[in-house]
Amino acid sequence: MFGALSDGLSSYSHLLESDDVMRTVQAFRSMGISIDLQEGSGKISIRGKGLQGLIKPKQDIYLGNSGTSIRLLLGILAGQRFETVLTGDASLSNRPMKRVTQPLKKMGAQIKGRDDGNYAPLTIRGGRLRGIHFENKIASAQVKSAILLAGLYAEGQTRVQESIPSRDHTERFLMSSGAKLRREDAAWVMEQTDRLKPFGGTIPGDISSAAFFIAGAAMTPGSELTVENLGLNPTRTGLLDVLKRMGATLEIDQTTAEPEPVGKVHIQGALLKGVRIERREIPSLVDELPILMTVMSLAQGESLISGAEELRVKETDRIHSMVTNLTNLGAQIQELPDGCVIRGVEALRPGKIKSYDDHRTAMSLAVAAAAIRGTVEIDDCSNIATSFPDFFKVLESIKEKVHT
């Protein structure tokens, strides 16, 4: 996205060639951006045409299962002078979009969709935007990012206020590319920007993907694992803090700091103890909560997750999917409106479980299966390609007892 909006050539290595990423690549190609991707190499070059260089696509833009893509694209398209239709698969078409479309409408974009713009397909016509003051009550980085991206095009100030900080990848990229963005107390303030400069480098490893192996090692007494080239953005490392509180030994070595902290993490497994996770921590580990539920199921004592109702509007209702599946595997877990209570057991048992067509549910259950003596059958794991096509290859290299 930033490469497409900049003036010039941006090149990156260590690209994740997942379905979500490839949908985004195709979306910008359909809007006139030249993108050179050496398939399988992790190398990509994008020749940007500037903030106003996109052209109207010849057909609807299909984004598969990618909530990040559709929400951030809404922010970018709000500033374009053409009409676009954004669509997705059945899951994406049932994820709430009004949290983004409402503030963008206030800025001047015209957006139509089911239930007054709450569900895709969404038709957006950009235009002359004006800045707004927005309070990001649900601490969503996707919502914040969409508004800040629209703020690049808006007259006056665009201010996003946060009482609980959300992920700040977009802000780091914006400042690295020369956007007129600054921090004021608990708010991000964007001024209309004329151009973004291209940049490149190595994309850090995603902690949300590494989480499955980090957590799996942490909950296995006697195990050791080192994860290298890992993104250590402090708005994303809540998982590591929780595992430390549970009794895991983690050594963190940060090697670079800008624009994203990167380093390696060494994990030593142990018999973990229960822990409480409350609302303020949720934005820093929302994607890691399903795998943490697996870890908590085998920890000593009681664990509580609260303030996590956002899990109910992901690719599936992840509170329900994980509670149902872990119960079927012998966990003692009680579903709450905004989380769950888990009482650890000594071992989980074999069984048949469902992915609910959700990649993080499927991967969390696969890690649970690796800790079980006997066969665990997961009904459908094809959805894992959404974010981590090589997941089972990596998991099997660590623990060869897993079968897919």
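Predicted model: local features only at pLDDT ≥ 70, side-chain atom pairs only at ≥ 80, totals over all residues.
**How the terms apply here**

Me: Ile111 stands opposite Ile124 in strand 7. What makes strand 6 and strand 7 a pair?

Reply: Two strands pair if DSSP finds at least two bridges between them. Strand 6 (residues 110-113) and strand 7 run antiparallel and are joined by four bridges, so they pass that test. Residues are numbered from 1 along each chain as its sequence is written, and side-chain values use heavy atoms, with hydrogens and water left out.

Me: Why are strand 8 and strand 10 at the edges?

Reply: Four strands make an open, mixed sheet in the order 8-9-11-10. Strand 8 (133-135) and strand 10 (181-184) each have a single partner strand, so one side of each has no neighbour in the sheet. From one strand to the next, the twist averages 20°. Further in, strand 9 (residues 157-161) and strand 11 (residues 187-191) are antiparallel over five bridges, and Gln157 has Glu191 as its bridge partner.

Me: Why is Arg167 called buried?

Reply: Buried means under 20% relative accessible area (exposed is over 50%, partly exposed in between; 1.4 Å probe, protein chains only). Arg167 comes in at 17%, so it counts as buried. This arginine sits in the loop between strand 9 and helix 7 (169-176).

Me: How do you know that Arg167 and Asp287 make a polar contact?

Reply: Their side chains come to 3.0 Å. The cut-off is a pair of N or O atoms within 3.5 Å (within protein, one able to donate a hydrogen and the other to accept it; residues adjacent in sequence count only through side-chain atoms). Asp287 is also one of the residues Arg167 touches, along with others including Ala141, Thr235 and Pro283; touching means heavy atoms within 4.5 Å.

Me: What happens at the start of helix 11, and just after it?

Reply: At the start, a side-chain oxygen of Asp317 reaches to within 3.2 Å of the backbone nitrogen of Ile319. Just after the helix, Gly330 takes a positive phi of about 100°. Among the buried residues of helix 11 (residues 318-328) are Ile319, Met322 and Leu326, and their cover includes helix 10 (289-297) and helix 12 (359-370).

Me: Which residues line the largest cavity?

Reply: They are Met219, Pro221, Ala270, Leu271, Leu272, Val295, Leu298 and Ala299. The largest cavity has a volume of about 30 Å³.

Technical notes:
Helix = DSSP H or I, 4+ residues; strand = E, 2+ residues; numbered from the N terminus. Axes fitted to C-alpha atoms, helices over the stretch in contact; angles between N-to-C directions. 1 Å grid on protein atoms, 1.4 Å probe; cavity = no way out; pocket = protein on both sides within 12 Å on 5 of 7 lines; lining within 4 Å. Points joined across faces, edges and corners; volume = space filled by probe spheres on them. Lists of a residue's contacts leave out its neighbours within four places in sequence.
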